[in-house]
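Please keep the sequence and the model open while reading.

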Amino acid sequence: MTVFVLGGAQTDFARNYAKEGRGILELFAEVVPAALADAGVSAEDVEVAHVGNLAAELFTGQAQLGGLLVAAVPELDGVPSTRHEAACASGSTAVLAACADIEAGRYDLALVVGVELMRNVDGQRAAEHLGSAAWAGHEAVAAKFPWPALFADVASAYDERYGLDPEHLGQFASHAFDRAARNPLAQARDWRFPAGAFGPDDELNPLIEGRLRKQDCGRITDGAAAVLLASPAFAQRLGGGFPRIAGFGHRTSHIGLAEKLASDGEYLFPHLRGAVVDAYERAGVAGPDALDVVELHDCFTITGLVALEHLGAAPPGDGGEFIADGGLDTAGINPGGGLLGLGHPVGATGVRMLHDVARQVTGTAGETQVEGARTALTLNVGGSFTTVVTMVVTA
């Protein structure tokens, strides 16, 4: 059964909700009504809800997010809900669960919300909370910032296998922030960088962990995104013509980065390549050349480079040259700024990606629109490529 995306919404990722005296309740209360309005349905129409979130207990002390959703939107009282956690892929796993509900015939209309509040604590504490998605007590134990340290290890592994030019990482970051500048909801839309800010200047672009520099690293973000997913029968009652989720891939590997990097296959992360191929095959898409837009997970520049290769946009080891040759624009990669520029409220990212590609293939993406987009893919990664989810969306 096909699942249709009726509409959705995203909060402004530049906002600091703690400074405004707001929290997760207000994120729900803002994004859900906006998504319902965009989809042209009411809260009373919703039959099931799924929430994606990584670490509300750590950042805010709050669990039971399904109940908090009802507190924010009382019209959802009585609607069954489930909360999903898969690190940075939490939102995408929530989407897959909603799709499974619809495909099983249990429900015709599902609400999916991804949410994360992270700017209510200082950067060091936030980094420690996010480190819970690594293998606690086994890796990055001496690192000040666990995730930059782990992805610096990915960069080192890539360099050892293929050779890594740091200039290519700087070019990837520059592209992300340039695209974010035209996205009215991007965290970095008003940021400006002096000459040399994407190079090896230790003052303009200081090292954070290992070989990764400041502009290589995603920032802490508050935000939420929501989508309404429907069965063919429900979508037809609204007149049809909605984008559809045509295929998906979902795979999980060992939580430890070293264990994943022990593979000696053609690809650095074979399970990531497998998830991409699964999505292509389920959607009947030949490969990356058939895609007009890609929402690619780039919590760090090296993540984006590695993901490009597993997408098939470039052979393993050639992702840097692909970036240098302008391939990011040619392939429609992250037209809204990606995680680096748009922002990365962890639990919301997978849902935001789906919302953005649905807008792209219907020509409603505004200033970030890729002309003529009809087929798109999301690639969402949780942890050190531990959980990977891909989706193909078509008009």
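In which strand is the place of Thr394? Thr394 sits in strand E11, where strands (E, at least two residues) and helices (H or I, at least four) are DSSP runs numbered from the N terminus. This is a predicted model, in which local features need pLDDT of at least 70 and side-chain atom pairs count only at pLDDT 80 or more, while totals for chains, interfaces and linings use all residues. Residues are numbered from 1 along each chain as its sequence is written, and side-chain values use heavy atoms, with hydrogens and water left out.

- Thr394 counts as buried because its relative accessibility is 11%, buried meaning under 20% relative accessible area, exposed over 50% and partly exposed in between (1.4 Å probe, protein chains only).
- Leaving out residues up to four places away in sequence, Thr394 touches Pro243, Arg244, Ala246, Val361, Arg374 and Thr375, a contact being heavy atoms within 4.5 Å.
- Thr390, also placed in strand E11, is buried with a relative accessible area of 0%.
- A polar atom of the Thr390 side chain lies 2.9 Å from the backbone oxygen of Ala275, and the residues that Thr390 touches include Ala275, Val276 and Ala279.

**Helix H10**
- The 14 residues of helix H10 (residues 270-283) should span 20 Å at 1.5 Å a residue, which agrees with the 20 Å between its end C-alpha atoms, because the expected span is 1.5 Å times one less than the number of residues.
- Among the buried residues of H10 are His271, Leu272, Asp278 and Tyr280, and what covers the buried residues of this helix includes strand E8 (244-252), helix H11 (301-311) and strand E11 (387-394).
- Just after H10, Gly284 takes a positive phi of about 70 degrees.

**Nonpolar cores**
- The largest nonpolar core has 61 residues, with Phe151, Val154 and Ile302 making the most contacts inside it; such a core is a set of buried Ala, Val, Leu, Ile, Met, Phe, Trp, Tyr and Cys residues joined through side-chain atoms within 4.5 Å.
- Helix H6 (residues 146-161) gives the largest share of this core, 7 residues.
- Apart from this core lies another, of 37 residues, including Tyr17, Val41, Ala43 and Ala72.
- Leaving aside neighbours within four places in sequence, Ile302 is in contact with residues including Phe151, Val154, Leu164 and Leu212.

Conventions
Polar contact = N/O pair within 3.5 Å; in protein donor to acceptor, adjacent residues only side chain to side chain.
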